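This report concerns the structure shown below.

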Amino acid sequence: MNDKAKELGLVNTHFKNPNGLPDSVTGKDVNYSTAYELSILTKKVYENEWIRETMALSNATVTLPGDNIIHLENRNTELGKNGNIGGKTGVTNDAGTCFAGLYERNGRKLIGVVLKSDRNDNDARFRDLNSMMDYSYSAEKQVVKKAGDDVGSLELEYKLFGFFGPTKTITANVTLSEDLKLYNNSLNVNNLEITLKPESNNAWKLASKNDIPLSATVLDSAFEVKGSSDLTVFKLIKANMFVYLAIILAIVIIVILIVLIIKIINNRKRYSRSRRRRRY
């Protein structure tokens, strides 16, 4: 179980036994986790079809070897109410009454986790849970970063003449080209990371387009947003203006020299033909 917790990135979760109960000698809780990490675990658990089907049962009958029959009752008393489609209850003296499960309303699924509700009131966790889920379903995403906000810079390479010439580098500043909306809470805001992932590090290609795919992540959730850079074709040309002017000047001089040489050669040919005619 602890190996699986590490695999899921649950750094604040530890299991001492498989049933979640306190130590039989000391009576102290020996298993621990957080509401957030339990939500990750719940999400992973609900990927299992058998668990989903089992958690959706209000009661069940199990026949053990020897034809021993056990009748089981789901302690999730909110099952089928207010969008509750399944979950796991729990209780210890230190943890209070707890619940981790899944809600679905209008096709939208959310995970709800409640810890340390009133130990002496089994319904307290569900009152707390329903209040939390009502708030969550009514919440709307808000702008946490605006279009035009800086998100970093890219070091790009390019050939001086497009497809050939010496390789040079240039820095392009990247900003959001659209508003980034999230549910505005400390978890999202404090853990938001935006990663630049251009399709190419070729400066000429980037200068000709204004949409750069950016990866926005919040912990284990990721989605794509669009960005733009301040890099333009004119900026690339301006960065190498003296080189291009020198090349243009060199080309002009070469053309002038070629024209002069051709003119001199033609003049010499005319002069030579003129001398031959005078002799005869």
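## Salt bridges

In this predicted model, E224 and K226 form a salt bridge whose closest N and O atoms are 3.4 Å apart. E224 has a relative accessible area of 45% and is therefore partly exposed; K226, with 30%, is also classed as partly exposed. A further salt bridge links D230 to K235, again with 3.4 Å between the closest N and O atoms. D230 is partly exposed at a relative accessible area of 33%, and K235 is partly exposed at 29%.

The count of salt bridges comes to six. One of them joins R105 and D134, with the closest N and O atoms 3.0 Å apart. Because R105 lies in strand β4 and D134 in helix α4 (residues 124-138), this pair ties together parts that are 29 residues apart in sequence. D134 counts as partly exposed, since its relative accessibility is 41%.

Strand β4 (residues 96-105), which contains R105, is joined to strand β5 (residues 108-117) by eight bridges, and the two strands run antiparallel. Within this pairing, A100 has V113 of β5 as its bridge partner. The two strands form a hairpin with two residues between them, and N106 in the turn has a positive phi of about 50 degrees.

## The five-stranded sheet

An open sheet is built from five strands in the order β7-β8-β12-β11-β10, with antiparallel pairing.

E155 has T171 in β8 as its bridge partner.

Leaving aside residues up to four places away in sequence, S215 touches E193, I194, T195, K197 and F223.

## A nonpolar surface patch

F242, L245, I248, L249, V252, I253, I256, L257, L260, I261, I264 and I265 make up a nonpolar patch on the surface. Together these residues have about 1,200 Å² of accessible area. One of them, L245, is found in helix α8 (residues 241-279). L245 counts as partly exposed because its relative accessibility is 45%.

Note on methods. Residues numbered from 1 in each chain as written. Predicted model: local features only at pLDDT ≥ 70, side-chain atom pairs only at ≥ 80, totals over all residues. Heavy atoms only, no water. Pairing = 2+ DSSP bridges. Helix = DSSP H or I, 4+ residues; strand = E, 2+ residues; numbered from the N terminus. Patch = residues over 30% accessible without salt bridge, like charges linked within 9 Å, V, L, I, M, F, W, Y side chains within 5 Å. Areas by Shrake-Rupley, 256 points an atom, 1.4 Å probe, with all protein chains shown as cover. Salt bridge = Lys/Arg side-chain N within 4 Å of Asp/Glu carboxyl O. Buried < 20%, exposed > 50% of the residue type's maximum accessible area, 1.4 Å probe, protein only. Contact = heavy atoms within 4.5 Å.
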